[in-house]
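Colleague: I have a model open and would like to learn how to read it feature by feature. Could you walk me through it?

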Amino acid sequence: MTGQRHDLGASFARLARAMIDAETPIFGAHDVEMWDYVVLTALESGAAPTQAELAAAVRRDKTRLIPILDRLEARGLLSRTPDPADRRNRVVALTEAGRALLVACQSEVRAMEAEFLASVPAARRRVFVEVLEELADGL
């Protein structure tokens with residue numbers, strides 16, 4: 001491409017596909033799916049007050065979230081307990097097993113990312129990651 005650049009959407013889509021392709025075997029080795037990892041990551045900083053709030057946080061329809069929660073709870077990776085203030089709601093939280101699995105997955109993902117970005121000079125890599133995180137946090 002002379003004098004032009006790819007549209008950001010196209011570039012992000014290609015990078016996202018490459019990351020998903022690289023992460024899939026990592027998650028498979030831990031017997032988790034991509035959406036399982038998304039949910040576990042969303043619970044990393046603390047419990048979700050309701051399943052509906054968790055669904056909104058991970059941008060997944062709550063009816064499609066329930067089977068994910070069922071699967072993770074059956075494996076002992078998260079717990080759903082009645083909210084004492086409103087027993088119709090369920091508070092969703094990571095268990096110690098869930099936190100340990102998340103840490104293991106994150107460690108392997110970070111190693112894969114380091115390998116993926118190895119050809120980019122360190123200073124540019126640092127700026128790229130900072131800007132990407134800033135954009136993602138702003139959503």
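Colleague: Let's begin with the inventory. How many helices and strands does the protein have?

Modeller: There are six helices and two strands, and along the sequence they follow the pattern α-α-α-α-β-β-α-α. Keep in mind that this is a predicted model. Its C-alpha trace spans about 60 × 30 × 25 Å along the principal axes.

Colleague: What share of the residues counts as buried?

Modeller: Of the 139 residues, 27% count as buried. As for contacts between residues at least 6 apart in sequence, 54% join residues at least 24 apart.

Colleague: How should I read the nonpolar core, and which residues have the most contacts inside it?

Modeller: The general idea is that nonpolar side chains tend to be buried together in soluble globular proteins. Here, the largest nonpolar core has 25 residues, and Val39, Leu43 and Leu54 are those with the most contacts inside it. At least two residues each come from helix 1, helix 2, helix 3, helix 4, strand 2 and helix 5. Helix 5 supplies the largest share of this core, five residues.

Colleague: Let's take Val39, then. Which residues is Val39 in contact with, leaving aside its neighbours within four places in sequence?

Modeller: With those neighbours left aside, Val39 is in contact with Leu54, Val58, Leu65, Ile68, Leu69, Leu72 and Leu78.

Colleague: Now the helix around it. Which residues of helix 2 are buried?

Modeller: Asp36, Tyr37, Val39 and Leu40 are buried in helix 2. Looking down the axis of helix 2, you find its buried residues within an arc of 160 degrees, so they line one face of the helix.

Colleague: How do I describe the packing of two helices, say helix 2 and helix 4?

Modeller: Two packed helices are described by the angle between their axes and the distance between the axes. For helix 2 and helix 4, the angle is about 80 degrees and the axes are 10 Å apart. An angle from 65 to 115 degrees counts as roughly perpendicular, and helix 2 and helix 4 are therefore roughly perpendicular to each other. On the helix 2 side, Trp35, Asp36, Val39 and Leu40 take part, and they meet Leu65, Ile68, Leu69, Arg71 and Leu72 in helix 4.

Colleague: On to helix 5. What span should its 21 residues have?

Modeller: At 1.5 Å a residue, helix 5 (residues 96-116) should span 30 Å, and its end C-alpha atoms are 30 Å apart, which agrees.

Colleague: What about the loop between helix 1 and helix 2: is His30 buried or exposed?

Modeller: His30, found in that loop, has a relative accessible area of 18%. The cut-off for buried is under 20%, so His30 is buried. Apart from neighbours within four places in sequence, His30 is in contact with Arg75, Leu101, Ala104, Cys105 and Glu108.

Colleague: How should I read phi, and what is the phi of Asp31?

Modeller: Most residues other than glycine have a negative phi. Asp31 has a positive phi of about 60 degrees although it is not a glycine. Asp31 lies in the loop between helix 1 and helix 2 (34-42), and at 56% relative accessibility it counts as exposed.

Colleague: Where does Arg59 lie?

Modeller: Arg59 is in the loop between helix 3 (51-58) and helix 4 (62-74). Arg59 also has a positive phi, about 55 degrees, although it is not a glycine, and it counts as exposed at 66% relative accessibility.

Technical notes
Residues numbered from 1 in each chain as written. Predicted model: local features only at pLDDT ≥ 70, side-chain atom pairs only at ≥ 80, totals over all residues. Heavy atoms only, no water. Helix = DSSP H or I, 4+ residues; strand = E, 2+ residues; numbered from the N terminus. Buried < 20%, exposed > 50% of the residue type's maximum accessible area, 1.4 Å probe, protein only. Expected span 1.5 Å × (residues − 1). Core = buried A, V, L, I, M, F, W, Y, C linked by side-chain atoms within 4.5 Å. Contact = heavy atoms within 4.5 Å. Axes fitted to C-alpha atoms, helices over the stretch in contact; angles between N-to-C directions. Parallel < 35°, antiparallel > 145°, perpendicular 65-115°, else oblique. Arc of directions from axis to C-beta.
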